[in-house]
Amino acid sequence: MHEFSLMQSALEMAVDRASQHGAERIERLTMRIGDLSGVVPEALQFAFEVLRDGTCAATAALAIERVPVRCHCSECDASFEPDGLVYVCPRCGAASGDIRSGREMELAWIEVT
Amino acid sequence: MSDLDAMRAPEAGDRSAPRRVEVNEAILRRNQSSADENRQIFRERGWLAVNVLSSPGSGKTELLCRTSERLLQRGIHPAVVVGDLATDNDARRLQAAGAPVVQIVTGTLCHLDADMVRRAVESLPAAPVDVLLIENVGNLVCPSAYDLGEAGRAVLLSVTEGEDKPRKYPTMFKSATLVVITKVDLASPAGFDRDAAYSAIRGVAPQAAVLETSARTGAGIDAWIDALLALRQ
């Protein structure tokens, strides 16, 4: 995945939001990254350390919250967290392609001063 | 969480304590809103848009050449947008199949995004279009994250690739509406294990219909076109 361009967008979003709130510095960014997003958290962290220089987030930390995959089973009308890549309902054994979370790539919040 | 809670509740008058500002925005929100606009435009024009994805060399261009020819024979008008890092070789092959084609040369970019598709669509020659085939950059990773405004996604897997590819690229295969096994005329010389491939596809992508095609012999092309046209709901 192109973690650099994703991080660049996240950083721009953070810097815009910080300036809207009259902040001088960003102390921390928290991102939500789904387990099925294809994004590698370590690569995002590396990109962040390169890209933050020269911005108001130059001394900021990046926190990444992983979002587990959750599927919906239409047979049981219930959601479940699959184990592994084959998404099978633990109650009834039906395969599910109805993925309700796990694809997230979001900037959740920033902490500013 | 305890240090975050402490940050969230600064002492009154303590101006140096960090404040928390909620954002809750998708990093790709700009692409998502462009994709939603594309979807609206395609709907208004009555176009069926399909995003065609695979590794490099899985047979996207050849399949789309045969698809264009067969659609034209059925009196249905195709148009093709094709993305590549470099060259317009694919566009020339597709043009020869009779469809209006716009090539997007992405340079070093590994995927198409919704804005690129919009610009390409606006530069198509003025002609009737029923089906817009979008041939993405050959890549099973990055394009999966970019909605282009399509009605469905066809992900290709050729018999000369590993049968376990769906397990290696689950994010892509789990986003597929259709999975197309291509180059089936080579199945036997390539030692293709059909059962293993179906087990990988059905395990990772139970939501997808599975088809088999050979662009060279024409096998399965009609069924593929029927599945494609059925995406128009």
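Q: Which residue of β1(B) does Trp109(A) stand opposite?

A: Strands here are DSSP E runs of at least two residues, helices are H or I runs of at least four residues, and both are numbered from the N terminus. Two strands pair if DSSP finds at least two bridges between them. In this case, Trp109(A) stands opposite Glu22(B) in β1(B). The model is predicted: local features need pLDDT of at least 70, side-chain atom pairs count only at pLDDT 80 or more, and totals for chains, interfaces and linings use all residues. Residues are numbered from 1 along each chain as its sequence is written, while chains are lettered from A and ligands numbered from 1 in the order in which they are written.

Q: In which sense do β6(A) and β1(B) pair, parallel or antiparallel?

A: Antiparallel, over 6 bridges, with β1(B) spanning residues 19-26.

Q: How many residues does each chain bring to the contact?

A: Two residues are in contact if their C-beta atoms, placed from the backbone, lie within 7 Å. Chain A gives 26 residues and chain B gives 27 residues. On the side of chain A that touches chain B, α1 (3-20) and β6 (105-112) each supply at least two residues. The largest share, 8 residues, is from β6(A).

Q: How do the residues on that side of chain A divide by class?

A: Ala, Val, Leu, Ile, Met, Phe, Trp, Tyr, Cys and Pro count as nonpolar; Asp, Glu, Lys and Arg as charged; the others, Gly among them, as polar. Here there are 15 nonpolar, 7 polar and 4 charged.

Q: At what angle do α1(A) and α2(A) pack?

A: Axes are lines fitted to C-alpha atoms, for helices over the stretch in contact, and angles run from 0 to 180 degrees between N-to-C directions. Angles under 35 degrees count as roughly parallel, over 145 as roughly antiparallel, 65 to 115 as roughly perpendicular and the rest as oblique. α1(A) and α2(A) (residues 41-51) pack at about 55°, their axes 9 Å apart. That makes α1(A) oblique to α2(A). Residues of α1(A) in this contact include Phe4(A) and Leu11(A), and those of α2(A) include Leu44(A) and Phe48(A). By class, the contact has 9 nonpolar, 1 polar and 1 charged residues.

Q: How do α3(B) and α9(B) pack?

A: Helix α3(B) (residues 60-73) and helix α9(B) (residues 221-229) pack at about 75°, with axes 10 Å apart. They are therefore roughly perpendicular. Arg66(B) of α3(B) and Asp222(B) of α9(B) are among the residues making the contact.
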